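Here are a few exercises to work through with the model open beside you. Try each task first, then read the solution.

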Amino acid sequence: MRYDKRMRIVGCFLEYNGTFAVLYRHSHKPDGSTWCLPGGKVESGESDRDAILRELHEETGYKATAAELEHIGDYNFISSRDEPFVYGTYRVVLDNIHQIQLETSAHAKYTWVTAAECDAITNLIPGFHELLRMVGYIKQV
């Protein structure tokens, strides 16, 4: 097995009734003043699944189970600091709306959006517009 030095980041479409949650990053954070999915870096020794379960709970208060996670895919990106990374993308579909308990140290606010509403946001975190197309939320023309 080849060792891959690229950083791994995970994110999750936390969905309810045709919408998903997006979080607004504080301006002093890396890629600040942008909207993103709940997620973050995979820590050393942590699996992608464990990382997204942890990040979902930390950032939204939602305690998902591994059985709820659907792995959508792994996508290669270049960060705003020109560092390559792999973005492990997941989805959790909720039966009931979840009242987000925002991690206020990292995010200033959140909202639920449709894919089209998300795509219309001009200040998404770098790569988010492309991700919406890669995973099929927005049809590529």
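**Exercise 1.** Does E70 count as buried, partly exposed or exposed?

*Solution.* Keep in mind that this is a predicted model. Start with the cut-offs: buried means under 20% relative accessible area, and exposed means over 50%. E70 has a relative accessibility of 38%, so E70 counts as partly exposed.

**Exercise 2.** Find the salt bridge between R91 and E70, and work out what it ties together.

*Solution.* Look at the charged groups first: the closest N and O atoms of R91 and E70 are 2.9 Å apart. R91 belongs to strand β6 (residues 84-93) and E70 to strand β5 (residues 70-78), so the pair ties together parts that are 21 residues apart in sequence. Finally, check R91 itself: its relative accessibility is 18%, so R91 counts as buried.

**Exercise 3.** Which salt bridges does R54 make, with E46 and with E58?

*Solution.* Take E46 to begin with. Its salt bridge with R54 has its closest N and O atoms 2.8 Å apart, and both E46 and R54 are buried. Then turn to E58, whose side chain meets that of R54 in a salt bridge at 3.3 Å, N to O. R54 and E58 sit 4 residues apart in helix α1 (residues 48-60), about one turn of the helix. E58 has a relative accessible area of 37%, which means it is partly exposed. Now zoom out: E43, E46, R54, E55 and E58 are linked in a network of salt bridges. By the rule used here, the count for the model comes to 9 salt bridges.

**Exercise 4.** Is strand β2 largely enclosed or largely open?

*Solution.* Go along residues 19-25: 7 of the 7 are buried, so β2 is largely enclosed by the rest of the structure. Now sort the side chains by direction. T19, A21, L23 and R25 point one way, while F20, V22 and Y24 point the other way.

**Exercise 5.** Which strands pair with β2?

*Solution.* Take the partners one by one.

- Strand β1 (residues 7-16) runs antiparallel to β2, with 2 bridges joining them, and Y16 stands opposite T19. In their hairpin, 2 residues lie between the strands, and N17 takes a positive phi near 50°.
- Strand β7 (residues 107-113) pairs with β2 in the antiparallel sense over 6 bridges; here R25 stands opposite H107.
- Strand β3 (residues 35-36) also pairs antiparallel with β2, over 2 bridges, and L23 stands opposite C36.

How values were computed:
Residues are numbered from 1 along each chain as its sequence is written. This is a predicted model: local features need pLDDT of at least 70, side-chain atom pairs count only at pLDDT 80 or more; totals for chains, interfaces and linings use all residues. Side-chain values use heavy atoms; hydrogens and water are left out. Buried means under 20% relative accessible area, exposed over 50%, partly exposed in between (1.4 Å probe, protein chains only). Two strands pair if DSSP finds at least two bridges between them. A salt bridge is a side-chain nitrogen of Lys or Arg within 4 Å of a carboxyl oxygen of Asp or Glu.
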